[in-house]
Amino acid sequence: MIPVLLILIPLLSGFITFFLKNERTVKSWALLSSIATLIVSLFSLGMLQGNNQLTYDTQWLPLLGSRFTVSLDGMGKMITLLTAISFPVIFAATYKNTYSKPASFYALMLLSQAGLMGVFCAADLLLFYFFWELALIPVYFLSSIWGGERRIPVTFKFFIYTFVGSLFMLLGIIYVYYQTPGHSLAMSQIYNLTFPDGRENYLFGLFFIAFAIKMPIFPFHTWQPDTYEQAPTAVTMVLSAVMVKMGVFAVIRWLLPMFPDASHSMSHLVILLAVIGMLYASLIAIKQDDMKRLIAYSSIAHIGLMGAAMFTSDAAAMQGVMFQMFAHGINVLGLWITADVIEKQTGTRKFSELGGLAQKSPTLAILFVTMALANIALPLTNAFIGEFLMFSGLFKYNVWLAAIALISIILAAVYTLWMVQKIFYGDAKDSNLPVVILPNGTRLMLMILVVVILVFGVFPQPMINLTTDTVTKLIAQIK
Amino acid sequence: MNQFSHLVYLIPLFPLVGFLINGLARNSLSKSATGIIGSGVILASFVLSVLIFLEVKSPGFQPVIVNLFDFIRVTDFTIAFSFRVDQLSTLWLLIVTGIGFLIHLYSTSYMHSEAAPHFARFFAYMNLFVFSMLLLVLGANYVIMFIGWEGVGLCSYLLIGYWFKNNDYNYAARKAFVMNRIGDLGFLLAVFWLLAKLGTVDYTEVFARVATLSTFDITAITMLLFVGAAGKSAQIPLYTWLPDAMAGPTPVSALIHAATMVTAGIYMIVRSNILYSLAPFTQAVVATIGLATALLAATIAIKQNDIKKVLAYSTVSQLGYMFLGLGVGAYTGAVFHVMTHAFFKALLFLGAGSVIHAIHNEQDIRNMGGLKKYMPITHITFLLACLAISGIPPFSGFFSKDEILAAAFEHNVIFWIIGVLTAGLTAFYMFRLYATTFQGTFRGTPEQEHHLHESPSAITIPLIVLAILSVVGGFLGIPEVFAPDSHWLEHFLSPLIAKTEPAHLLTHATEYMLMGVSVGIALIAILIAWTRYSKKPEMEEATGAGKVLANKWYVDELYNSVIAVPIQKLGGFLNNIIEKNVIDGLVNAVGKGIQYAGRQIRLVQSGQVGNYILLMVLSLVLMILLIFYGHNLNPIINWITK
């Protein structure tokens, strides 16, 4: 029942939101709904694997042999928890932001949460595809209606790009469908399929393109910086904290277990692309003058490491990917929230125009610096655990690739500290900006995120344990 | 037995609590409360460190491992959050908390002109630094050490950029962090190497299973660890951040950039001495780099006019000595020099701070002179420190430097010659500094002269304590030649040092000769510098070869044009050309191509009946062809639906 609630609560409350009138009502309603989802998600953490509350199965499309099967394993719990945390944090942190047609804005936000939850819970391939698209559509409307100046062409490109990727996946799904004995798309059936020689690689390709665009892995990433820049920041938060994890999640949930041999033979290529992407994105990040674009490229570099690590077939690396999905979501959320506050109050996000904010907004500076340190994976922040595990697996896979990929931690220090320096340090007199005052909700959310960053940086084991079952099973499947 | 060792986690905990209180309550604490909390927590750690030291020193002591919790546990390995109490870590505990406390005490006066919240921020950072340094020292495995390792780098960054309004300082802070990170990359790779080969990073287990590693593995691991050490301890090629780090407040330079953090690299290598003793290639590299750094930094120090810059290059040079000691297998000698150096270099920096404070933030020694008249305590303690660093007996630097030089002589006489030459340069630039600052007549403005005064007791007490330690510290390691079996430090550390250290083969006559030469050269250098600079200091800008030295051999410029600028250019190229035109251009081209195709195909629907009929006929023909010859396509269809 738990996964159904995770999908239904945002779905129904999202539809109801369309009909609400008053802006305050809309905001409170959305926040309330997202908190309810969070509570349900927290409940799931305490449940042991095998608890029948964690799965639900019913008739859906009998003609196609697809059933409405949803279930939560360790990874599912982790990623739905991230989704469940992200939305109330986003709503609370951006509570002061105003939107035209607030009812539609918040309704679409909740619908995208429902889609995301569906993606993470689906245990049927067609159901997964259904939610995969469902999550995309609200985000498309959110970005193209409430976005920045260049929103129309940018969002159009984003939509077409990811949609084309999805179509490749659809082709793959149809093929897989015909391969299953009883024409079924249930995960349990698909996992046991074997494909004729050589065919697996093509199928791998069809699915991989869809997932690679979503993550994104170099060179499929060019939609991302523009979209992150143009989307309203609340939507950017959804995109980069949760939505890009769809790609990582899908690789682990579907791609690797479905095509273990192809994953193995293609791993060299994928890891190479991912590592190139890490350095490439880091080098570009150094040259950005726009805070949002810098965070976007930094995020591409970080996702690149996940992309590389999950193809190493190493248990520690896989644990690292799981851990980092959560950690990256939390950290990037914090960075976007700060970016939003700064842009809203100073009217700019250009480093060349910012400076000296630490002087008058010391609390914001401290919170941001902590998150920046997490962004460069300093020990005792959550990101260190994930990156440490991933690099250790990558090292076992190939020493040279690991060494080259590690250069990105130096570059990360270069651009992240550059950002800190340009925004917060220097003399406030030189930049002549208004004082940035943190609204209470925003400050509280940032503080919570910082606490989460540190707690999981010092005591990572509960989070590692949470996903161990998924990792153990996966490693057994692909070995 | 071991009653205090089990409380070792309290030692880093105290400074952590201090950090939290000072950091979180910075707006409400008074300056005196901040000072008391900030220094008090370090004093508490020091007291506990002394108690633990007494236990460790007692005969029959076995290392104590205090396991707090499992930090990271995955299928392939477990990394414990655990501390290790043994001779080496205890020695460092005393240095870090002891000198740390003195410098905190000093800071209560030195930083007093800061506004209360910033004063608290300073102490919070300092406490956090001590916490990180203690983690580094106490960790029972390489990962905990790495946590401290990056932690001290962070604090160094925060403290160099403490005055964050000044953008030059911010650049220096970032440079320090990035250069340290380059070293950290090596450290991390070594950790991964250990994990991949042994599945553990715990010291006890690694050293116990060292025999299962191939020579190549050991060489690679030790070399990578050394890259980390070179970053943290400012060795060639990663030393250029340390002189720039002088942008931080002077107590920071004393604590972090002289006495403690920069010796972390030496600590790490001594900790891993079992690995290093099995890697002769790495040892040769360590010795060579150390010696080259010692010499290079000493030549630069000769021509610097900023009092802190001279001391910074002197630190780099002395660290080079320590690495020379490590490279030739004189681990105890290196530790010994870390200890004596911590005393006299902290003293020199604090003395410099006292001077800078007295002349209102003037750091150029050309505008000083004659200060001995105004600041007697600072003057005497500074002079003692100069004698100690120059290796004049019986001051502490003599014993530790002599031990390293003797080991170098046994190893390779060229090492010894360069070492002694560098010692001469050291004595020269230290007394150039001393004479220009304290001798002669005051060259600053009359207004500055009017305000000249000896510093308050919070500043002079640490100076006096450190001066005493600088004078007597050497007696912990009296060489065999003076009194047999009286090298206390060697006995103390012997359980932890690989037993490959060569027995002292030098005859007493040779050893006396070596000492005589190095002391003689130092005395001559002192004499030259004293007579030359106390009368007529070097006022004009350097020219010729001196200009090259004054400009630090143009190494910063070299790095800039060979590394920093190309990386920026590459980033710009990728951003402006590859990203926008090539990759995204390709994506857009696909989109445009489809649009174009759509436009063209649209033309087919022209509304002219003739065209439609033509298409109909063509389609019919195609269908007929498919019906009759379609079976030829079967293989393709089969392939798709197989």
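Before comparing two helices I need their axes, which are lines fitted to C-alpha atoms over the stretch in contact, with angles taken between N-to-C directions. The model I am looking at is predicted.

**Entry 1: a helix pair in chain A**

I looked up helix α12 of chain A, residues 291-309, against α16(A). Their axes lie 9 Å apart, and the packing angle is about 45 degrees. That angle makes α12(A) oblique to α16(A). I noted the crossing of α12(A) and α16(A) as left-handed. On the α12(A) side the contact uses Leu305(A), Met306(A), Ala308(A) and Ala309(A). On the α16(A) side I listed Glu387(A), Met390(A), Gly393(A) and Leu394(A). I sorted the residues of this contact of α12(A) with α16(A) by class and got six nonpolar, one polar and one charged.

I then went to the loop between α15 (362-375) and α16 of chain A, where Ala377(A) lies. Ala377(A) is not a glycine, yet its phi is positive, about 55 degrees. Is Ala377(A) buried or exposed? I found 28 C-beta neighbours inside 10 Å, so Ala377(A) counts as buried.

Leu380(A) also sits in the loop between α15 and α16 of chain A. Leu380(A) has a positive phi of about 75 degrees, and it is not a glycine either. For Leu380(A) I noted 20 C-beta neighbours inside 10 Å. The cut-off for buried is 20 or more, so Leu380(A) counts as buried.

**Entry 2: the hairpin in chain A**

I looked at strand β1 (residues 55-61) and strand β2 (residues 66-71) of chain A, which run antiparallel. I noted six bridges joining β1 to β2 in chain A. Which residue stands opposite Gln59(A) in β2(A)? I found Arg67(A) there. The two strands, β1(A) and β2(A), form a hairpin with four residues between them. In the turn I picked out Gly65(A), which has a positive phi of about 70 degrees.

**Entry 3: cis peptide bonds**

In chain A I noted a cis peptide bond from Phe218(A) to Pro219(A), with omega near 0 degrees. I placed Pro219(A) in the loop between α8 (199-214) and α9 (223-230) of chain A.

In chain B I noted that the bond from Pro393(B) to Pro394(B) is cis, with omega near 5 degrees. Where is Pro394(B) found? I traced Pro394(B) to the loop between α16 (376-389) and α17 (396-411) of chain B.

**Entry 4: where the chains touch**

I looked up the contact between the chains: 40 residues of chain A meet 40 residues of chain B. On the chain A side, the elements that give two or more residues are α6 (151-179), α11 (260-286), α13 (315-346), α16 (382-397), α17 (399-424) and α20 (461-478). Which element gives the largest share of that side? I noted α17(A), with nine residues. By class, the side of chain A that touches chain B has 31 nonpolar, six polar and three charged residues.

**Entry 5: chain B as a whole**

I noted 26 helices and two strands for the secondary structure of chain B. Its C-alpha trace spans about 115 × 60 × 55 Å along the principal axes. Chain B has 642 residues, and 54% of them count as buried. Of the contacts in chain B with a separation of 6 or more, 81% come from residues 24 or more positions apart.

**Entry 6: Ala258(B)**

I picked one residue of helix α10 (residues 250-259) of chain B, namely Ala258(B). Why is Ala258(B) buried? Ala258(B) counts as buried because 29 other C-beta atoms lie within 10 Å. Leaving out residues up to four places away in sequence, Ala258(B) touches Ser253(B), Thr315(B), Lys345(B), Ala346(B) and Phe349(B). I also looked up Gln318(B), 60 residues from Ala258(B) along the chain; their C-alpha atoms are separated by 9.7 Å.

**Entry 7: a helix pair in chain B**

Last I took helix α8 (residues 215-232) and helix α13 (residues 280-301) of chain B, whose axes come within 9 Å and cross at roughly 20 degrees. This angle makes α8(B) roughly parallel to α13(B), since angles under 35 degrees count that way. I noted that α8(B) passes α13(B) in a right-handed crossing. Among the residues making the contact are Phe226(B) of α8(B) and Val285(B) of α13(B). By class, the contact of α8(B) with α13(B) has seven nonpolar, three polar and no charged residues.

Key:
Residues are numbered from 1 along each chain as its sequence is written. Chains are lettered from A and ligands numbered from 1 in the order in which they are written. This is a predicted model: local features need pLDDT of at least 70, side-chain atom pairs count only at pLDDT 80 or more; totals for chains, interfaces and linings use all residues. Two residues are in contact if their C-beta atoms, placed from the backbone, lie within 7 Å. Ala, Val, Leu, Ile, Met, Phe, Trp, Tyr, Cys and Pro count as nonpolar, Asp, Glu, Lys and Arg as charged, and the others, Gly among them, as polar. Two strands pair if DSSP finds at least two bridges between them. Axes are lines fitted to C-alpha atoms, for helices over the stretch in contact, and angles run from 0 to 180 degrees between N-to-C directions. Angles under 35 degrees count as roughly parallel, over 145 as roughly antiparallel, 65 to 115 as roughly perpendicular and the rest as oblique. A crossing is left-handed if the near helix is turned anticlockwise from the far one by less than a right angle, and right-handed if clockwise. A residue is buried if 20 or more other C-beta atoms lie within 10 Å of its own, exposed if 12 or fewer, and partly exposed in between; C-beta atoms are placed from the backbone.
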